[in-house]
Amino acid sequence: NLSDDCGASGGVTVTFTATDDCSNTATSSATFTIEDTTDPSVDTQAQDQTVECDGAGNTAQLQAWLDSNGGAIATDDCSNVTWSNNFTALSDDCGATGSATVIFTATDDCGNSSTTTATFTIEDTTDPSIDSPAVNATVDCDGAGNAAELQAWLDNNGGAIATDICGDVTWTNDYNDNLSDDCGASGGVTVTFTATDDCSNT
């Protein structure tokens, strides 16, 4: 029997005995050793994965990617392979997006190891949702440009409401301080209100 070392390695010390025809003997001992100094073979490298932001860290997709070692496959001739990785956190990018470059390590029973590296990325390519569109406003002329009512309408984005699952929304508009010159002090203007998320989707 060989000793039961790591994996399928082991050793045995054998005494060889030389005996002559008159039964005189001499001995010599030596050891046969099976060792494992070979790193596991990474047969399939870890693969990058990019997912669309869900606003909550995409935790299920991230965990599934980590649990699958980024899709990497490793084998070892002498033992099983155990996987580990160095993931700590995602980078803090725009909105709830981010990324992490992870080193996956395959280690055999004798402590030999190989690595493969891949990146998990959460991106936001989705525009904000206009849940309520801007609505027209008509006011009775006050002879002074109805400045307060106009400003209130602009500040309220014409009553428009927008949401985004991956971050906050910032409103802007293209009003240029000019109403059309209609009769008397009346007039009108068409304004485009723009909702922009933290990742610049509009």
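Which hand does the link of Cys 94 and Cys 199 have, right or left? I find it right-handed, with 100° about the S-S bond.

Ground rules next. I am working on a predicted model, where local features need pLDDT of at least 70 and side-chain atom pairs count only at pLDDT 80 or more, while totals for chains, interfaces and linings use all residues. Residues are numbered from 1 along each chain as its sequence is written, and side-chain values use heavy atoms, with hydrogens and water left out.

Entry: disulfide count. I took a disulfide as a pair of cysteine sulfur atoms within 2.5 Å. That rule gives three disulfides. Counting bonded cysteines along the chain, I get the pattern 1-4, 2-5, 3-6.

Entry: Cys 94 and Cys 199. The S to S distance is 2.0 Å. I placed Cys 94 in the loop between strand E6 (81–85) and E7, and Cys 199 in the segment after strand E12 (193–197); the two are 105 residues apart. Strands (E, at least two residues) and helices (H or I, at least four) are DSSP runs, numbered from the N terminus. Cys 94 is partly exposed at 31% relative accessible area; Cys 199 is buried at 16%. My cut-offs: buried is under 20% relative accessible area, exposed over 50%, partly exposed in between (1.4 Å probe, protein chains only).

Entry: Cys 6 and Cys 110. Their sulfur atoms sit 1.9 Å apart. The S-S torsion is about 100°, so I logged this disulfide as right-handed. Cys 6 lies before strand E1 (10–19) and Cys 110 between strands E7 (98–108) and E8 (113–123), so the pair ties together parts 104 residues apart in sequence. Cys 6 is partly exposed at 30%, and Cys 110 is partly exposed at 22%.

Entry: Cys 53 and Cys 166. I read 2.1 Å from S to S. The torsion is about 95°, so this disulfide is right-handed. Cys 53 is in the loop between strand E4 (49–52) and H1, Cys 166 in the loop between strands E10 (161–163) and E11 (169–173), 113 residues apart. Both cysteines, Cys 53 and Cys 166, are buried.

Entry: Cys 141 and Cys 183. Cys 141 is partly exposed at 41%, and Cys 183 is exposed at 63%.

Entry: Asn 69. I found Asn 69 in the loop between helix H1 (59–67) and strand E5 (73–75). Asn 69 is buried at 12%. Leaving aside neighbours within four places in sequence, Asn 69 contacts (heavy atoms within 4.5 Å) Ala 46, Trp 83 and Phe 104.
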